[in-house]
Structures are given as C-alpha cells and as structure tokens.
Amino acid sequence: MPRTALRICPLCEATCGLTLTIDGTAVTGARGDREDVFSRGFICPKGAAFGGLDSDPDRLRAPLVRRDGRLQEATWEEAFDAIAAAAPALVREHGPQAVGVVLGNPNVHTMAGALYPPLLLKALGTRNLFTASTLDQMPKHVSSGLLFGDPFAIPVPDLDRTDFLLLLGANPVESNGSLCTAPDFPGRLKALRARGGTLVVVDPRRTRTAALADRHLAPRPGSDALLLAALAHTLLEEKLAAPGALEELTEGIGELAAALGSFTPEAVAPACDLTAAEIRTLARELAAAPSAAVYARIGSCTVEHGTLASWLVDVLNILTGNLDRPGGALFPLSATAPAPRPAGPGRGFALGRWASRVSGHPEAKGELPTAALAEEIEAPGDGQIRMLLAIAANPVLSAPDGDRLDRALAGLDFMVSVDPYLNETSRHAHVVLPPPPPSQSGHFDFAFNGFAICNQARYSPAAVPLEEGRMDECEIHARLILAVSGLHGTADPAGVDELAIQSALARETAAPHSPLHGQDPARLAGLLTGGSGPERRLDLMLRLGPYGDRFGAAAARSEAHSEARSDAQPAARPEAAPAGGGTAGSAAAFPAAGPAAQGLSLERLLAYPHGIDLGPLGPRLPGVLKTRSGRIELFPDPIAAELPRLRTAFAERPAALVLVGRRHLRSSNSWLHNVPALTGGSNRCTLQVHPQDADRLGLTDGGRARITADGGSLEVPVEITDTLRTGVVSLPHGWGHDRAGARLSVAAATPGANVNQLLDGTRLDPLSGTAVLNGFPVVLAPLP
C-alpha cells in the first residue's frame with residue numbers, strides 16, 4: 001500500500017518541502033508540500049524528478065576499490081582498509097601538505113557534507129582545500145568578510161517587502177536563486193510588481209527573469225563593477241546618499257567618495273555599452289524608492305572584477321540606507337547559527353594568510369583557487385599534492401581546463417571519492433565510497449538557512465529505511481576520518497560525533513558570555529536527544545542557537561510566556577510583512593513565530609514535520625559585525641588596492657565576441673544530467689548566437705561551429721536567438737560527459753561540450769581566486 005513521507009528537496013538552494021509517494025521502498029512520486037512553512041507547496045521540475053534521481057540505476061550500490069588498475073566492487077571493510085593502508089603512510093612520508101581536499105557543490109545539500117569536512121580537514125592538517133566556491137560565490141564571501149568581518153554575513157534581499165529590486169547577473173526564475181534561499185522566486189518577483197514595486201534586471205541575455213522585469217538593461221558582460229561604481233558615484237555626487245542610522249556604524253564613506261571620483265556615468269558608459277542617462281536614471285530611482293535592495297549573483301561573481309562588484313552591491317545598499325532594514329537587504333538568523341553575543345570589535349577578516357605552492361595564489365576563507373589544483377598535483381617538490389580526497393566533486397567538468405586536470409588526477413599516488421556516481425572525476429579514484437539515495441538520509445539545511453529570506457527551521461528524517469548493503473552517508477564520512485587518521489578498526493565511528501559534541505560544549509561552557517558558562521559539558525551531552533550522532537549534533541546546534549532552549553532553562557521561561565500570551569490573544573502574522581514562503585500579498589494565513597519557535601531543540605522540531613516559522617528577517621546590526629573596528633569598514637585596504645585596476649577598464653578595447661554561461665531550470669551544474677525526466681527540451685548544450693553575429697560569421701541555426709579561447713577549442717551546435725545581445729555568445733556549464741570510464745548512461749547519450757575547457761585557468765579575480773567563467777573573449781568559426 002503506497003504511503004507518503006515529507007522531505008526537504010536537496011536539489012537546489014530553494015529547499016522546497018516535498019511530499020513523497022513511496023511504494024515499498026521506492027519513491028514513485030513527489031509533489032509540493034502545501035503545509036511547508038517556507039515553500040507552501042511550490043515545486044520545480046527538479047523536485048518533481050526526485051524519484052528518478054533516487055532510483056537512478058547508474059548510482060553505485062557498493063564501494064569500488066582499484067585492483068590491478070581496475071575499479072571493482074568491494075565490501076565497506078575492504079574499502080576503508082584500503083584507505084587506512086595508504087593514507088596515513090603517505091602523510092607520514094610526505095607531510096600533511098601532500099594531501100588535497102576538493103569539496104563539490106552537492107556537499108552543501110546534505111547533512112554529512114556540512115558536518116564532517118571541517119573535522120576531516122582538522123584530522124589531515126592540510127591547507128590544500130579547494131571548493132566549488134572559487135568557481136561560483138567566493139567574491140561575495142570575500143566582500144562580506146572585508147565589510148562586516150565575517151565571510152558568512154551575507155545580506156539577502158527582502159523580496160516580500162521591497163519596493164525596488166535591482167538584480168544583476170542572476171537568473172533566479174531558472175536557477176531558483178543563489179545566496180538567497182527563496183522558494184518560488186518567480187512568484188515573489190511577480191508579487192513585487194503586483195504590489196506596485198519595480199524590478200530592474202541587468203543581464204546581457206534576455207532571460208526568463210529579465211522577461212518579468214519593468215526594465216531590462218543589457219550591458220557588456222564583465223562590466224557590472226563599472227556600472228555599480230558609477231551608480232555609487234552618482235549617489236554621492238548628486239547628494240542622494242542617505243545611509244541614515246548606518247552612518248554611525250560605518251567608516252570610510254569619505255574615502256569612498258574620493259576613490260570613486262573618476263567613475264562617472266559618462267566615463268564608464270562606453271565600457272558598459274549603456275548610456276550615461278540610463279545609469280543616472282537608475283541611481284536616482286534607487287535612491288528615491290521607499291525601500292530597495294540590490295542583489296547580484298554568479299554573472300557578477302565569475303568575472304575579472306567579481307569581488308569589487310560584490311562589494312559595490314552592498315555599498316549601494318549602505319549608501320541608500322537599505323542595508324539591515326525591512327524591504328532592503330537583511331541578515332538572516334539561522335536556527336543553527338551561533339547565538340548572538342554582545343556587539344563589539346571582533347577578529348576581523350584577512351586574505352592571504354597563506355598562498356598556493358606553485359603560483360602563489362593567496363588563500364581566501366581558508367581556500368585556494370580550484371583553478372590551481374592541476375598544477376599543485378603536477379609540480380614536483382615539497383608540498384606536491386600526492387593524495388586527493390574528492391567529496392561530491394567533479395572538477396574535471398566544473399573547473400577550467402578539465403583535460404589538464406584529468407591528466408593530473410591520473411598521476412596521483414592515491415585518491416578517494418565520496419560520490420554516488422562513477423563520473424568524469426571519480427573514475428580516477430583508488431577508492432569510491434557511494435552514499436545512499438537521498439530518500440534514505442535525514443536532511444537539515446545548515447548552509448541555506450543562513451541565506452533564507454525567512455527565518456525557519458525544518459528537518460526531514462529519512463523517508464525510506466537504509467537499504468541492506470548501504471552505509472549511511474554520515475557514517476561514511478566518520479569512517480573516512482578514522483581511516484585517514486590511522487584509527488580505522490580501533491575506534492568507533494560514533495566517537496567522531498561524540499568528540500565533536502564534547503568539543504562544542506567545552507567551548508560553550510568556557511565562554512564568559514554564555515548562559516551555560518561553568519556548567520558540566522558531560523552532563524549537558526547526556527541531555528541531548530536523537531537517534532544517531534548527526535541528530536545529536538543537530539540537537540546541540542539547535543539548543544545552542546539563537547532560538548535554542550539552552551538545555552531547558554530558556555524553554556521553561558519561554559513556555560510560561562507563550563502560554564500567557566496565547567491566553568490573551570492568538571498569534572497572527574501581519575499581512576504586510578509575510579515571514580513564511582509563497583508570495584507577498586497571498587491570503588494564506590500562517591501563524592507568526594509563536595510558541596514552537598521558543599526553546600528550540602530537535603525534539604521540538606520533530607513535533608512540527610512541516611517546519612517551524614521563526615519569523616521575518618529583522619535588523620541585526622551591530623551584532624553581526626566582527627570587524628576589528630566593530631563597525632562596517634566600507635573602504636577596506638584590499639578593495640582600495642584593487643580599485644585602480646578597475647579604472648584601467650575605461651580604456652580597454654572590448655573583444656569582438658565574449659562568452660557567458662547560462663542556467664537551466666532542470667539542471668544543476670553537472671550532477672543532474674543523468675535523470676531522464678530532466679533531459680531534453682530547453683535543457684540542451686547549444687551555443688546561443690545573436691542573428692546579427694550569426695550572419696556576420698556565416699553560422700546557421702542547427703549547424704556546428706568551432707569556438708576557441710585561451711584553453712583550446714570546442715565543436716558545438718549553434719542555436720540562433722535574439723535573447724542575447726550582439727557580441728555575446730552563451731554556452732551552459734557542466735556538460736562534457738564523453739570520457740571513457742564514467743558510468744553515466746543517460747548523460748553520455750547527449751554529452752554536450754565542456755565550456756570550461758575553453759579556459760586555461762589563468763583568468764582569475766585576484767582578490768578571491770575565483771575563476772573567470774563569464775565575459776571572456778572567444779573566436780567563432782563555422783564548421784561544414
């Protein structure tokens with residue numbers, strides 16, 4: 001008899017609630033959970049295809065171990081024995097810097113990927129960490145670190161209350177949002193306009209998001225930082241800047257005004273390929289709006305001046321007084337974030353605490369550029385990477401010059417992949433550890449709740465029991481940590497979680513400002529609930545978080561207060577300030593953050609299977625600030641040193657043709673191309689070309705072309721369309737499934753071309769080490 005189970009969708013940043021239909025142990029259907037406090041029933045094609053991903057026959061069912069040069073199925077013990085035999089010995093012989101760790105995008109979509117990599121890195125002692133962030137969002141982390149002292153203090157647009165949204169380099173109608181967790185992003189944009197607000201989209205392509213806008217500006221790719229600088233200049237020059245209460249919290253406004261003096265609309269307009277009048281009008285509208293938010297994403301990050309563009313986004317939010325105010329850009333407060341502490345100076349944020357061995361790339365947020373991974377494996381000498389741990393990562397397709405990395409991986413002494421597939425990267429591993437399907441794992445969004453437009457908490461226990469022969473993903477990570485530490489076979493994997501709990505409680509009870517100061521960590525650990533180590537860790541984080549019960553004391557006070565309040569009047573959410581999901585102005589009545597939000601713990605969260613609404617975002621400054629000054633540092637030294645390089649762009653002669661990527665609603669980088677329900681239609685790897693460029697170059701719709709750039713050439717099918725401006729072509733990211741040894745039968749049937757092979761890895765944003773994946777010059781020629 002079929003049954004249903006609730007599950008948070010792990011396939012994109014929107015984190016929608018799903019209702020799964022399950023027949024036996026098979027997921028046969030998925031629909032939106034209408035009672036979910038955040039998504040209210042919204043679902044996209046990825047979520048609807050949950051069952052197809054879950055039951056993909058190409059998913060690995062057992063570990064693989066390389067024997068006599070071939071990957072063969074093995075038992076779990078054999079797999080971890082192989083790691084334990086190789087990894088500790090390699091570290092003893094060559095040192096911890098001989099190990100590299102690569103974390104891919106799917107890590108942030110699982111509990112295991114959030115909880116264990118920090119412990120793994122600590123156990124290894126290596127500084128060679130490479131993640132998807134330097135292929136995507138690192139500029140935003142760096143700019144937030146410099147401005148606010150915390151690279152994770154990323155303000156998000158208050159979509160449901162803003163009057164004016166300026167959106168650059170983002171296509172949330174198809175991506176579902178990024179660094180802004182918002183189910184039904186399209187509906188929210190429509191609601192913005194329905195209530196009389198204004199949406200302005202800046203993008204060289206007329207995307208589905210741009211089609212919803214009041215106004216669409218199509219500048220030259222890579223010019224976002226120039227445009228944003230000119231907007232800030234106009235606000236300051238025309239005395240339109242009105243930071244309000246932020247002025248007392250901010251230092252550097254005067255220095256900023258002087259530094260931006262040459263970035264006039266007239267000066268930057270030719271490089272942006274916009275008019276000065278368009279730029280000035282946009283600045284004035286931004287300043288005049290009752291509330292406004294500026295939001296930019298991957299198109300503004302993966303370019304030459306990505307960190308400057310990310311910094312200028314928040315400069316505009318600050319200058320207009322819209323940072324940290326309803327309707328502007330606000331800082332979320334996740335249920336598992338550290339509880340707020342007294343405001344004051346912090347440690348600040350530093351770049352370049354160490355550098356990569358070969359090219360001297362400075363670290364950012366503890367990470368090195370993924371574009372530098374191949375050379376770190378190839379170049380001999382002390383610190384050469386000889387062993388690689390790839391966790392849910394496929395850098396052969398996601399990083400520049402995959403061919404070079406492909407060759408480098410083949411030369412490693414030892415490699416471990418934690419991956420459900422044998423893909424273009426994991427095919428090089430000596431051991432592959434496959435996690436179970438998502439239906440067999442519990443889920444809590446540690447990362448994305450920190451970027452959510454509404455504070456909420458939701459937890460999904462496993463919807464289906466763990467299949468015989470599978471190993472829970474969290475246990476895989478715990479055993480991996482023991483194996484590389486030389487403790488395989490001598491220590492209980494559950495001890496990894498218990499040690500993490502003990503360490504966290506020791507820090508908390510030693511902190512002078514904590515209400516648990518001086519208490520016994522062992523006693524507190526004994527109060528935790530949960531059926532597994534990961535659940536106990538989640539319970540701890542919820543209890544210690546900003547809404548937590550602090551092991552009972554706060555809960556008792558909160559329940560007494562809540563009972564008194566409920567006797568007086570029922571809680572209700574003001575319609576003007578919706579805190580949950582859906583769209584602003586909807587008539588659905590969801591209760592405001594009430595008794596359930598007080599004294600949060602795992603036990604309480606489990607009692608609310610559709611989630612707990614923790615209320616709308618609200619002002620959090622100055623508590624968010626961790627800068628050394630305790631203030632917003634508007635014009636930090638690294639930015640000041642980089643700004644002159646942006647000025648040189650005034651006089652640069654633009655390339656005749658540049659390339660940008662594009663997102664598909666039914667795709668997510670390289671990891672959903674093997675699901676039949678998500679293939680075909682618009683989800684195709686074609687080179688989009690404007691009709692005028694096609695005529696000039698002799699290209700035909702459906703024909704083929706050779707595209708050439710720094711890293712080499714590709715042969716691709718041509719799609720002629722007027723949805724992008726002249727001088728720009730577009731090829732999507734994450735394709736190229738044609739390498740021997742991978743086991744991705746659906747993806748291999750329509751492999752596409754790896755756009756990142758056009759890059760050689762030398763084009764980077766210098767402050768963040770992020771690869772330039774957009775706006776780089778290409779040459780195009782027709783093929784017979």
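Is C12 buried or exposed? In this predicted model, C12 is buried, with a relative accessible area of 10%.

View 1. The whole structure was searched for disulfides, and zero were found. C12 takes part in no disulfide; the nearest cysteine sulfur belongs to C44 and lies 5.1 Å away. That distance does not qualify because a disulfide needs the two sulfur atoms within 2.5 Å. C685 is buried, with a relative accessible area of 9%.

**View 2. Contact of helix α6 with helix α14.** Helix α6 spans residues 138–148 and helix α14 residues 306–319; their axes come within 8 Å and cross at roughly 50°. The two helices are therefore oblique to each other. The crossing of α6 and α14 is right-handed. On the α6 side, the contact is made by P139, K140, V142, S143, S144, L147 and F148. Their counterparts in α14 are G306, T307, S310, W311, V313, D314 and I318. By class, the residues of this contact are seven nonpolar, five polar and two charged.

**View 3. Contact of helix α9 with helix α11.** Helix α9 (residues 224–237) packs against helix α11 (residues 265–272) at an angle of about 160°, and their axes are 9 Å apart. At this angle α9 is roughly antiparallel to α11. The crossing of α9 and α11 is left-handed. From α9, the residues L226, L227, A230, H233 and T234 meet P265, V268, A271 and C272 of α11. The contact of α9 with α11 comprises seven nonpolar and two polar residues, with no charged residues.

Notes: Residues numbered from 1 in each chain as written. Predicted model: local features only at pLDDT ≥ 70, side-chain atom pairs only at ≥ 80, totals over all residues. Heavy atoms only, no water. Axes fitted to C-alpha atoms, helices over the stretch in contact; angles between N-to-C directions. Helix = DSSP H or I, 4+ residues; strand = E, 2+ residues; numbered from the N terminus. Parallel < 35°, antiparallel > 145°, perpendicular 65-115°, else oblique. Left-handed = near helix turned anticlockwise from the far one by under 90°. Contact = heavy atoms within 4.5 Å. Nonpolar A, V, L, I, M, F, W, Y, C, P; charged D, E, K, R; others polar. Buried < 20%, exposed > 50% of the residue type's maximum accessible area, 1.4 Å probe, protein only.
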